[in-house]
Amino acid sequence: MTLRYESFADFDTEVSKALDQIEHDDQAPLFGDLWPSAEALCHYLLEESLQAKSVLEIGCGLGLPSILASKLGAKVIASDYHPHSEAFVLRNRELNDAKVEFKQIDWRSPSELPPQDMIIASDILYEPQTYPDLALFIQLHCHKRTKVLIADPERVFSSQFEAVMENCGLKLLRKWHDGNIILKVWELA
């Protein structure tokens, strides 16, 4: 399956400009590029049965995994903290004739979303101080059979996330490798 997408024309320039104007790192427009973890997540999703399943993507960036999940038959909510991500997700949704809803979500705050059949994310494990909030957000949006997929290039602190997820009642089922990216599959214990 081929997906089309738009991203920043010059990612480095856009991020450099933004860093001069923002107060906190979490306001940096890191969503504006297609990261290898998102591509790996897409490769994995091609093997999943998603027909009529509810899928929530956390930190969706450009939204390609969400768009693919939609094309595979899922009902999808793409979410990101950065408010400018929405324009790219909506444009990429249009380019691919997909049905994806966007919500701006801060996983450090409560959400009105119901539990999902699948929660997906790629390249979101940057800062260990956010891990407890992220794991709790994930746990609150799971039901007994929810599958959680997180693709990551194994950043320095990302291994600490496993213990935090276990403390929130999620167990690691398996790891899947795609080049330098490791995708971990979780479910409620």
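In the predicted model, Cys-168 has a relative accessibility of 19% and therefore counts as buried, the cut-off for that class being under 20%. Cys-142 also counts as buried, because its relative accessibility is 8%. The sulfur of Cys-142 has that of Cys-168 as its closest cysteine sulfur, but the separation is 9.9 Å, which is too far for a bond. A disulfide would require the two sulfur atoms to lie within 2.5 Å. Cys-168, for its part, is in no disulfide, and its nearest cysteine sulfur is that of Cys-142. A search of the whole structure likewise returned zero disulfides.

Strands β6 and β7 form a hairpin with two residues between the strands. In this hairpin, Gly-179 adopts a positive phi near 65 degrees. Strand β7 itself, comprising residues 181-188, is mostly covered, with seven of its eight residues buried.

Helix α4 covers residues 85-95, and its buried residues are Ser-85, Phe-88, Val-89, Asn-92 and Leu-95. Viewed down the axis of α4, these buried residues fall within an arc of 125 degrees, so they line one face of the helix. An α-helix has 3.6 residues a turn, so residues three or four places apart point the same way. Ala-87 and Glu-94, by contrast, are exposed and lie on the other side of α4. The buried residues of α4 are covered by elements including helix α3 (64-71) and the strands β2 (75-80) and β3 (100-104). Just after α4, a positive phi of about 50 degrees is found at Asp-97.

Conventions:
Residues numbered from 1 in each chain as written. Predicted model: local features only at pLDDT ≥ 70, side-chain atom pairs only at ≥ 80, totals over all residues. Heavy atoms only, no water. Buried < 20%, exposed > 50% of the residue type's maximum accessible area, 1.4 Å probe, protein only. Helix = DSSP H or I, 4+ residues; strand = E, 2+ residues; numbered from the N terminus. Pairing = 2+ DSSP bridges. Arc of directions from axis to C-beta. Contact = heavy atoms within 4.5 Å.
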